[in-house]
Amino acid sequence: MISYMDRVNISVGQQALHNTFGLTTVSFGYLLGAYSWTYAMLQLPSGVLLDRFGLRRVGVVSSLIWSAATFATAASQGVVSLFSSRLLLGVGESPIFPLSAAAVGYWFPEKERGLPTAMFDAAAKFSPALGIPFVGLLLIHFGWRFSFAFTGILSLLYFVLFARLYRNP
């Protein structure tokens, strides 16, 4: 759910980013695409990495990268750093869906996998519904940098919890 909230931040902050960096509609489109390019390109390699190095190791590195990318977005000083942070977010988040699916396979017997799979998929859908107004309120009251920093903090908390608690059965 947290990784999907990181994704909506950019859309909610469009006007503020335009005001800060003078983005055109086309350059904002490229900025939106940056995340998707690395995310899509790394889906299959992420699966290979998960099989080779395990869910815990890849999940720890992945969540650390996506946390750093979210903080880097908050600290962006120009279009290049903003674009780079979005590329990095795609790198960090690309293993999350395959990792979640594999974890369900490890933790639940075959006949009990439907509900947990539906839960992580529902979280992906519910997060924008909750995240858009929440991030919008943060942006209105504290600015776009704070909205990214706040979701960076949530991502970092996820990293700490995952690193401390997740183990394969």
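Reply: The buried residues of α2 pack against α1, α3 (25-41), α6 (79-93), α8 (114-142) and α9. This is a predicted model. Helix α2 covers residues 14-21, and its buried residues are Ala16, Leu17 and Phe21. Viewed down the axis of α2, these buried residues lie within an arc of 110°, so they line one face of the helix. Gln15 and Asn19, on the other side of α2, are exposed. Just after α2 comes glycine 22, which has a positive phi of about 65°.

Two of the partners of α2, namely α1 and α9, also pack against each other. Helix α1 is made up of residues 2-12 and helix α9 of residues 144-165. Their axes are 10 Å apart and the packing angle is about 165°. An angle over 145 degrees counts as roughly antiparallel, and α1 and α9 are therefore roughly antiparallel to each other. The crossing of α1 past α9 is left-handed.

On the α1 side, the residues in this contact are Ile2, Met5, Asp6, Asn9 and Ile10. They meet Ser147, Phe148, Thr151, Leu154, Ser155 and Tyr158 of α9. By class, the residues of the contact of α1 with α9 are six nonpolar, four polar and one charged.

Key:
Residues numbered from 1 in each chain as written. Predicted model: local features only at pLDDT ≥ 70, side-chain atom pairs only at ≥ 80, totals over all residues. Heavy atoms only, no water. Axes fitted to C-alpha atoms, helices over the stretch in contact; angles between N-to-C directions. Helix = DSSP H or I, 4+ residues; strand = E, 2+ residues; numbered from the N terminus. Parallel < 35°, antiparallel > 145°, perpendicular 65-115°, else oblique. Left-handed = near helix turned anticlockwise from the far one by under 90°. Contact = heavy atoms within 4.5 Å. Nonpolar A, V, L, I, M, F, W, Y, C, P; charged D, E, K, R; others polar. Buried < 20%, exposed > 50% of the residue type's maximum accessible area, 1.4 Å probe, protein only. Arc of directions from axis to C-beta.
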